[in-house]
Amino acid sequence: MSFTSGPKPGQGTKLLIELGPLVAFFAANWLGGIFWGTGVFMAATAVALAVSWTLTGKLAMVPLVSAVFVAVFGALTIWLHSDLFIKVKVTLVNLLFGAVLLGGAVMGRSYLKLIMGEAVKLTEAAWRTLSIRWGVFFLGLAFLNEIVWRNFPTDQWVNFKVFGLLPLTLLFALANAPFMSKHMIEDDQAGEP
């Protein structure tokens, strides 16, 4: 979703926008418990989206979808006073992303290319492979989240969400960097079949 093109934020600003809500969630949970953490997470996510919109003039699809899930499941968590909803949100978001990427690959579409295609130029075969890899990875994260929230106390689940899921995602992205580098194409080749 993009309406206008604004200046691009620096890497530090971008990192703060992306990680700010997660850090706020962790800190608020540590200080006041899961319900305070959830409320702060909802507010920080809304602020991050607003700042991103202000700085870039657009809303990226993945953070927008995540923000909708945070709002809905966060509201259910607070309203029903049950941490089940904020825990299951992680599973459902990862299931959704995994299903979309794998479903797209089956139908011959690379939704990953739609998200990253402006920044990275790869062959169609490479986009398909990456879509499958990321789709399976997101399904794995959903499964892992289910194991953790069902078998550990809430504070340990919060630690896993903040200090487990993010590093796993970064490591997976780094592990795919050589593959992407190997299949990168020049701009003049990007339009060729």
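Predicted model: local features only at pLDDT ≥ 70, side-chain atom pairs only at ≥ 80, totals over all residues.
Residues are numbered from 1 along each chain as its sequence is written, and side-chain values use heavy atoms, with hydrogens and water left out.

The secondary structure comprises 7 helices and 0 strands (DSSP runs numbered from the N terminus: helices are H or I of at least four residues, strands E of at least two). Along the sequence the pattern is α-α-α-α-α-α-α. Of the 193 residues, 37% are buried (buried is under 20% relative accessible area, exposed over 50%, partly exposed in between, with a 1.4 Å probe and protein chains only). Among contacts (heavy atoms within 4.5 Å) between residues at least 6 apart in sequence, 72% join residues at least 24 apart. The chain exposes about 11300 Å², of which carbon and sulfur atoms supply 70% (Shrake-Rupley method, 1.4 Å probe; for residues, only the protein chains shown count as cover).

The largest nonpolar core contains 33 residues, and those with the most contacts inside it are F25, L122, L130, W134, F138 and W157 (a core is a set of buried Ala, Val, Leu, Ile, Met, Phe, Trp, Tyr and Cys residues joined through side-chain atoms within 4.5 Å). Helices α1 (11-32), α2 (34-56), α3 (61-79), α4, α6 and α7 each supply at least two residues of this core; the largest share, 9 residues, comes from α6. Beyond four places in sequence, L122 touches W127, L130, M180, H183, M184 and I185.

K89, in helix α4 (residues 84-106), is buried at a relative accessible area of 6%. Outside four places in sequence, K89 touches F41, F69, V70, F73 and K161. The C-alpha atoms of K89 and G74, 15 residues apart along the chain, are separated by 8.4 Å. E146 lies in α6 and is buried at 17%. The side chain of E146 makes a polar contact of 2.8 Å with the side chain of W149 (N or O atoms within 3.5 Å; within protein, one must be able to donate a hydrogen and the other to accept it, and residues adjacent in sequence count only if both atoms are side-chain atoms).

F143, L144, I147 and L168 form a nonpolar surface patch of about 330 Å². Helix α6 (residues 124-151) gives the largest share of the patch, 3 residues. L168 is placed in helix α7 (residues 154-182) and is partly exposed, at 34%. Patch residues have over 30% relative accessible area and no salt bridge, with like charges joined within 9 Å and nonpolar side chains (Val, Leu, Ile, Met, Phe, Trp, Tyr) within 5 Å; a salt bridge is a side-chain nitrogen of Lys or Arg within 4 Å of a carboxyl oxygen of Asp or Glu.
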